[in-house]
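Student: Could you walk me through this one, feature by feature? I'd like the general idea each time, then the case at hand.

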There are 2 protein chains.
Amino acid sequence: MPKTKETFAYPAVAVDALVFTIQGDQLQVALIQRGIEPFKGCWALPGGFVRPGEALEEAVKRELQEEVGADGVYLEQLYTFGDPERDPRGRVISVAYFALVAADNLRDLKASTDAVDARWFPLHDLPTLAFDHRRILDLAVNRLRAKLEYSTIAYALLPHAFSLTQLQKVYEIILDRPLDKRNFRKKILSMDILEQTDRRSGGAHRPASLYIFKNREVTFF
Amino acid sequence: MPKTKETFAYPAVAVDALVFTIQGDQLQVALIQRGIEPFKGCWALPGGFVRPGEALEEAVKRELQEEVGADGVYLEQLYTFGDPERDPRGRVISVAYFALVAADNLRDLKASTDAVDARWFPLHDLPTLAFDHRRILDLAVNRLRAKLEYSTIAYALLPHAFSLTQLQKVYEIILDRPLDKRNFRKKILSMDILEQTDRRSGGAHRPASLYIFKNREVTFF
DNA sequence: ACAAAAGTGTTTAGGTTACACCCATGA
DNA sequence: TCATGGGTGTAACCTAAACACTTTTGT
């Protein structure tokens with residue numbers, strides 16, 4: 001730690017995670033139920049304090065391991081909240097990250113330290129959240145919507161190979177509006193970000209071609 | 001401060017400011033020359049530690065007052081840097097903000113505490129920067145460019161009333177490429193964000209109509 | 001054979017680009 | 001009168017939106 005006279009402040013630094021997935025045709029977010037004060041019994045974002053020597057991203061990944069038990073997720077820094085009044089216990093600066101987990105990569109949520117329960121909540125049916133977490137969540141949803149339109153993040157919500165209908169559904173669920181099938185396909189295919197495989201989906205009806213992303217990273221248009 | 005057992009980490013929290021202005025047909029950034037170790041003599045971003053009870057944005061505004069002496073600037077949080085190795089003195093988490101100051105709102109830069117000098121540098125002629133500040137600066141420039149294209153932030157770099165040519169120049173300087181005059185005017189005017197005043201510019205040649213932004217806040221397209 | 005999802009083109013409207021000349025003013 | 005920046009329109013192109021029927025498969 002700095003030893004110079006300018007180091008006035010030693011606030012606690014925490015990370016919070018906005019973990020999204022798509023399940024049951026709904027966008028869902030992982031929440032934990034607090035087992036301790038303040039906001040005991042309330043639902044809140046999973047998160048925790050950053051340990052000495054630990055990078056911010058490492059800290060989030062550790063929390064995700066503990067609570068969501070998922071790895072291989074997409075992770076991106078969202079915003080830092082530092083209002084002195086945001087935590088009744090004292091000064092806590094929280095760096096919020098948002099994460100996307102593919103449904104086929106989900107384990108059951110585990111309530112970790114200080115949490116009595118952990119669950120996925122559909123965005124249309126949220127409980128009251130602790131602290132300023134509702135505001136953080138709203139910001140994250142806006143960012144997710146915006147980013148969906150000019151990047152390839154959707155890959156993080158889908159299995160490795162997927163049909164165009166599945167991809168379209170991801171867009172429709174997140175943007176919360178229907179899209180035209182023909183226009184959607186035309187646009188996505190013209191972007192040259194997908195590769196058609198020779199695999200086809202099973203199921204009760206006409207099988208669909210499965211595609212994979214050429215580049216399993218987020219790229220921008 | 002939290003007294004619970006989870007408060008492992010008490011890193012120092014700082015803010016850094018990326019202050020941009022346009023002067024002499026160039027995008028310029030405010031830098032200070034460090035008077036103390038580490039990186040003594042190096043140029044760096046203005047910034048400092050957050051004081052107890054002080055909001056992050058307050059801390060940046062205080063630094064801006066001290067070093068840039070400008071108020072009424074546009075201010076936006078950029079990103080938080082928390083790599084444990086980024087400051088050789090120890091753990092410092094830094095929340096970077098970017099600020100835009102209109103050229104007609106500039107005072108001379110003042111070297112404040114711990115700085116021996118403070119200057120504007122054109123982006124095309126930068127010194128080597130201390131810490132990870134070069135990376136932060138690059139990120140800020142990218143954000144500025146992106147935001148210029150889908151928001152009205154340009155207002156913050158211009159005087160209250162300005163000609164369309166002045167506005168176009170702001171775009172050209174930041175995007176670092178020439179724009180077509182007719183297309184630029186058509187597009188900007190069709191957005192319905194400007195209001196024509198009855199004032200006209202002085203100068204040696206044909207006077208230009210002056211415009212003002214209808215809404216002196218950042219709005220998005 | 002039927003139910004269900006897959007797959008496929010064309011037309012229209014709107015926006016973006018490229019491009020060159022006349023105008024008003026001060027010196 | 002000349003030098004300098006202010007101001008204006010049109011055609012070609014491209015992208016986005018609206019819109020409905022045929023195909024393939026499992027049951």
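**Reading the model**

Tutor: Let's start with the two domains: domain 1 of chain A and domain 2 of chain A bury about 1500 Å² between them, 71% of it on carbon and sulfur atoms. Buried area is the accessible area (1.4 Å probe) that two parts lose on being put together, summed over both. A:I22, A:R145 and A:L148 supply 42% of the area that domain 1 of chain A buries against domain 2 of chain A, more than any other three residues.

Student: What should I know about where this comes from?

Tutor: This is a predicted model, where local features need pLDDT of at least 70 and side-chain atom pairs count only at pLDDT 80 or more, while totals for chains, interfaces and linings use all residues. Residues are numbered from 1 along each chain as its sequence is written, chains are lettered from A and ligands numbered from 1 in the order in which they are written, and side-chain values use heavy atoms, with hydrogens and water left out.

Student: Which residues does the domain assignment of chain A give to domain 1 and domain 2?

Tutor: Domain bounds come from an automatic or database domain assignment. Here domain 1 covers 12-148 and domain 2 covers 151-213 of chain A. Their centres, taken over C-alpha atoms, are 28 Å apart. As for contact (heavy atoms within 4.5 Å), 17 residues of domain 1 of chain A touch 15 residues of domain 2 of chain A.

Student: What pLDDT does chain A average?

Tutor: First the term: pLDDT is the predictor's confidence in each residue, from 0 to 100. Chain A averages 92, and 95% of the residues score at least 70. Over residues 1-9 of chain A, though, the pLDDT is below 50; that stretch has 28 contacts in the model beyond near neighbours in sequence. Where pLDDT is low, the predicted coordinates should not be read in detail.

Student: How many helices and strands are there in chain A?

Tutor: Helices (H or I, at least four residues) and strands (E, at least two) are DSSP runs, numbered from the N terminus. Chain A has four helices and nine strands. Going from the N terminus, the order is β-β-β-β-α-β-β-β-α-α-α-β-β. The C-alpha trace of chain A spans about 65 × 40 × 25 Å along its principal axes.

Student: Now the DNA. Which residues come nearest to DNA strand C?

Tutor: A residue is near a strand if one of its heavy atoms lies within 4 Å of it. There are 19 such residues around DNA strand C, and A:K181, A:K186, A:H205, B:A204 and B:P207 come nearest.

Student: What about DNA strand D?

Tutor: Around DNA strand D there are 19 residues, with A:A204, A:R206, B:K181, B:K186 and B:S209 nearest. Sugar and phosphate make up 39% of the atoms of DNA strand D that come within 4 Å of the protein. α4(B) gives the most here, with four residues. The side chain of A:K186 has an N or O atom 3.3 Å from a base nitrogen of DNA strand D, a polar backbone atom of A:A204 is 2.5 Å from a sugar or linking oxygen, and a side-chain N or O atom of B:R185 is 3.4 Å from a phosphate oxygen.

Methods: Polar contact = N/O pair within 3.5 Å; in protein donor to acceptor, adjacent residues only side chain to side chain.
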